[in-house]
There are 2 protein chains.
Amino acid sequence: MSQVFEIPPRSGVAFILHEGETLEVIDPLGQQVSDLLAFNRQDMGEVISNGRTLDYEETIRITQRHRLWSNRSRPMLEITHDDVGLHDFLLTPCSEATFKHFYPDKPVHRGCMGNLAEALWPYGVVQDAIPTAFNVFMNVQVDADSGKLEVLPPISKAGDCLRLRALMDLVIGLTACSAYASNGGTFKPIHYRILTDDR
Amino acid sequence: MSQVFEIPPRSGVAFILHEGETLEVIDPLGQQVSDLLAFNRQDMGEVISNGRTLDYEETIRITQRHRLWSNRSRPMLEITHDDVGLHDFLLTPCSEATFKHFYPDKPVHRGCMGNLAEALWPYGVVQDAIPTAFNVFMNVQVDADSGKLEVLPPISKAGDCLRLRALMDLVIGLTACSAYASNGGTFKPIHYRILTDDR
């Protein structure tokens, strides 16, 4: 059994995921969001792209059997298992600016953007190079007529997981989300582990 | 009356738009798409972000009175006039890779991505730094239940225009789209002009 790592509430990590390995992202308590980034370890200018992914998968509902594509039109990760089926690839990581914008009466936090920037800094990633993340377990509803977006609490339950298989050597950024709206107003940890044989 | 410039079919341009000036993008024949990018002229690491824009405007239907936001959470352009009301900010510029993917039996074209990369090269923009463009007049329908995306011909009519006021000094990239699906299978020019007094 692979070791389970904990990302404490409102923090983030970065690590290497080798081609063929599977990243399992677990929501240990339920209703928590985890922002995920992936860079090509051999050439960090290649990074996941929501636009390319939505283009090639032809849906905004990214789930099992879909792939996360890079800005260079190459598949980086394939979703091999999904307990939840509801994630977001439209909205950017929460940040100091989004806290000021959406929660003007609450303490400012550096958010997932700040956490990702710090965790990815040792890999040579500058903040401007951080794109829209794949927001695991995030529940964003789209009104088809008006286009209106609404962030609701995730539907993930305690222990639900998402598994993504690496299609190239990657540097992964991963958070336990810091925003109020995305997780129903509470801050919880995220667990993850790396499976070498898809188990 | 400001000079009207023509972007020939399947090509692109880049130019400077000063703070306070208004860019008018015109569909001269109807049903054509124009991919738009904007960079902060003073610091080209700042660029329009679909994720930030969707976050702050809380809709995927970007139109009059909405603003296009940067990756640094600052508004770059404000839409002051919109004859059409239907544009896309989900999908990436068509490219050699998207032609091979979506039109395997048709000649490959470098697409809006190649055209934008060439036009923006003199401003120091490398291809990896080109994000999801704001796709003026592009008609992408989202099925709210399934999340499925469908690219349909634009609803723009001959002479329809979109006006965007610059909120900082910008470098703009702008194309006449090269893809088959986005413009109903034909390749047409795009016109634009720069208005210094919003007229």
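**Cavity and pocket**

Q: Which residues line the largest cavity, and what makes it a cavity?
A: The lining of the largest cavity consists of Ala144(A) and Gly147(A) from chain A, with Ile60(B), Arg61(B), Leu86(B), His87(B), Asp88(B), Phe89(B), Leu90(B), Val140(B), Gln141(B) and Val142(B) from chain B. On a 1 Å grid over the protein atoms alone, a cavity is a set of points where a 1.4 Å probe fits but cannot get out, whereas a pocket is an open set with protein on both sides within 12 Å along at least five of seven lines; lining residues have an atom within 4 Å of a point. The model is predicted: local features need pLDDT of at least 70 and side-chain atom pairs pLDDT 80 or more, while totals for chains, interfaces and linings use all residues. Residues are numbered from 1 along each chain as its sequence is written, chains are lettered from A and ligands numbered from 1 in the order in which they are written, and side-chain values use heavy atoms, without hydrogens and water.

Q: How many cavities of 30 Å³ or more are found, and how much space lies in the largest cavity?
A: The search of the whole structure finds 1 cavity of 30 Å³ or more. The largest cavity holds about 120 Å³ of space, where volume is the space filled by probe spheres set on grid points joined across faces, edges and corners. Its lining has 7 nonpolar, 3 polar and 2 charged residues; Ala, Val, Leu, Ile, Met, Phe, Trp, Tyr, Cys and Pro count as nonpolar, Asp, Glu, Lys and Arg as charged, and the others, Gly among them, as polar.

Q: What is the volume of the largest pocket, and which residues lie nearest its centre?
A: The largest pocket has a volume of about 670 Å³. It is lined by 36 residues, and those nearest its centre are Asp128(A), Ala129(A), Pro131(A), Asp128(B) and Ala129(B). Two elements give two or more residues to this lining, namely α1 (50–57) of chain A and α1 (50–57) of chain B; such helices (H or I, at least four residues) and strands (E, at least two) are DSSP runs numbered from the N terminus. By class, the pocket lining divides into 19 nonpolar, 13 polar and 4 charged residues.

**Burial**

Q: Why is Glu46(A) called buried?
A: Buried means under 20% relative accessible area, exposed over 50%, and partly exposed in between (1.4 Å probe, protein chains only). Glu46(A) has 0% relative accessibility and therefore counts as buried. The residue is found in the loop between β4 and α1 of chain A. Leaving out residues up to four places away in sequence, Glu46(A) touches, among others, Ala38(A), Phe39(A), Arg72(A), Arg74(A) and Met168(A), contact being heavy atoms within 4.5 Å.

Q: Why does the pair of Glu58(B) and Lys148(A) join two chains?
A: Glu58(B) forms a salt bridge with Lys148(A), with 3.9 Å between the closest N and O atoms. Glu58(B) lies in the loop between α1 and β5 (67–69) of chain B and Lys148(A) in the loop between β8 (139–142) and β9 (149–152) of chain A, so two chains are joined. Glu58(B), at 32% relative accessibility, counts as partly exposed, as does Lys148(A) at 44%.

Q: Which residues are linked in a network of salt bridges?
A: The network links Asp43(A), Glu46(A), Arg72(A), Arg74(A) and Asp128(B).

Q: What makes the relation of the chains that of a two-fold axis?
A: Chain A is superposed on chain B by a rotation of 180 degrees with 0.0 Å of shift along its axis (RMSD 0.0 Å), using least squares on the C-alpha atoms of residues with pLDDT of at least 70 in both copies. This is therefore the relation of a two-fold axis. The C-alpha of chain A nearest the axis is that of Ala144(A), 2.6 Å from it.

Note on methods:
Salt bridge = Lys/Arg side-chain N within 4 Å of Asp/Glu carboxyl O.
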